[in-house]
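Please take a moment with the sequence and the model below before reading on. The paragraphs that follow go from the annotated region to the overall fold, and then to selected places within it.

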Amino acid sequence: MFVILNAGVNSEGVMEVKKDIYVVGAALLRNNRILAAKRNPDRMLGGMWEFPGGKIQGNETPQAALKRELAEEFSDKIITGPQAAMEVHHEYTFGTVNLKVYYAKLLTQNFNLIAHSQICWVQSSELKKLDWAPANWPIIEKIAKTDLKRVNFDD
Ligand SMILES: Nc1nc2c([nH]c(=O)n2[C@H]2C[C@H](O)[C@@H](COP(=O)(O)OP(=O)(O)OP(=O)(O)O)O2)c(=O)[nH]1
C-alpha cells in the first residue's frame, strides 16, 4: 500500500498531485512600516498584494533568492534579517505554495517596478485592510502582532 500526500481531486473528479512551489518574500521595513506590492494584473493572482520576492531556484538559500528577486523586480539591493513568521503551506489550484517571509531593509530605493503595478508602505495597524494573496494571511496576522521596532538585524 502507498499513500499519496498533497493530492486532491480536480473539477473533473480526477485525482491529481499538487506541485510544490517554494517561494520567498521580503517584509521590507522602513520607519516601522512594511512594504506591500500589488501584483501586475496579467500575472497569476493579479491585483493581489504580496511581499516582493519569488520562487527559489535550484540550491539557492532563501536569502540569496530574495536578493536576486529584489534586484530583478525592483532593481534594488537589500539586507535580510530574521524570518517574520512560520513557513506557510497554501494549496492553490495551480499547486502548493510553500512561503517563507523574511524581514529585510532596502540599501537602495530605485523601485523600478516590472512585476507590480503599485507599492505602498503600510503601518502594522493597516496591514489587514489590503487584499493579500491567500497564502499570506497567517504571516500578516503574525507581523501585525509584532513590535516592528524590535526586529533585530544585528545577527
Ligand atoms: N513573491 C511572492 N509570491 C507569492 C506571495 N504570496 C503568494 O501566494 N505568492 C505566490 C504567487 C505565485 O504563485 C508564487 C510566486 O511566484 P512568482 O510568479 O512571484 O515567482 P517568480 O518571480 O519567480 O516568477 P516567474 O519568473 O516564475 O514568473 O507564490 C508573496 O507574498 N510573494
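**A walk through the fold**

In UniProt, an unreviewed entry lists residues 19-144 as "domain: Nudix hydrolase". The model shown here is predicted, and over residues 19-144 its chain is 17% helix and 43% strand, with the end C-alpha atoms 30 Å apart.

Taken as a whole, the chain has two helices and ten strands, and when these are read along the sequence they follow the pattern β-β-β-β-β-β-α-β-β-β-β-α. The C-alpha atoms fill a box of roughly 55 × 35 × 35 Å along the principal axes. Because a compact globule with 155 residues would have a radius of gyration near 15 Å, the 16 Å of this chain agrees with that expectation. Among the contacts in the chain with a separation of 6 or more, 66% are accounted for by residues 24 or more positions apart.

From the overall dimensions we can turn to the interior. Of the 155 residues of the chain, 24% count as buried. In soluble globular proteins, nonpolar side chains tend to be buried together. Here the largest nonpolar core has 30 residues, and those with the most contacts inside it are Ala 26, Ala 27, Leu 66, Tyr 102 and Ala 104. At least two residues of this core come from each of strand E3 (20-30), strand E4 (33-39), helix H1 (62-74), strand E9 (95-106) and helix H2. Ala 104 gives a view of how such contacts are arranged: leaving out residues up to four places away in sequence, Ala 104 touches Ala 26, Ala 27, Leu 28, Leu 66, Ile 78, Ile 79, Thr 80 and Gly 81.

The next place to look is the ligand. It is surrounded by 16 residues, of which the closest are Glu 50, Gly 54, Lys 55, Ala 133 and Ala 135. Strands E3 and E9, together with strand E6 (53-55), each supply at least two residues of the shell around the ligand. Sorted by class, this shell has nine nonpolar, four polar and three charged residues.

Between E3 and E4 there is a loop in which Asn 31 is found, and Asn 32 lies in that loop as well. The phi angle of Asn 31 is near 50 degrees, a positive value in a residue other than glycine, and the phi angle of Asn 32, near 60 degrees, is likewise a positive value in a residue other than glycine. Are these residues buried or exposed? Asn 31 is exposed, because 7 other C-beta atoms lie within 10 Å, and Asn 32 is exposed too, with 12 other C-beta atoms within 10 Å.

The walk ends at Val 151, whose place is in the segment after helix H2 (137-144). Because Val 151 has 17 C-beta neighbours inside 10 Å, this residue counts as partly exposed. Val 151 and Arg 30 are 121 residues apart in sequence, yet from C-alpha to C-alpha they are 11 Å apart in space. If its neighbours within four places in sequence are left aside, Val 151 is in contact with Leu 29, Gly 81, Pro 82 and Tyr 103.

How values were computed
Residues numbered from 1 in each chain as written. Predicted model: local features only at pLDDT ≥ 70, side-chain atom pairs only at ≥ 80, totals over all residues. UniProt positions renumbered as here; feature names shortened; annotations may be inferred. Helix = DSSP H or I, 4+ residues; strand = E, 2+ residues; numbered from the N terminus. Buried ≥ 20, exposed ≤ 12 C-beta atoms within 10 Å, placed from the backbone. Contact = placed C-beta atoms within 7 Å. Core = buried A, V, L, I, M, F, W, Y, C linked by C-beta atoms within 7 Å. Near = placed C-beta within 6 Å. Nonpolar A, V, L, I, M, F, W, Y, C, P; charged D, E, K, R; others polar. Rg over C-alpha atoms; globule rule 2.2 N^0.38 Å.
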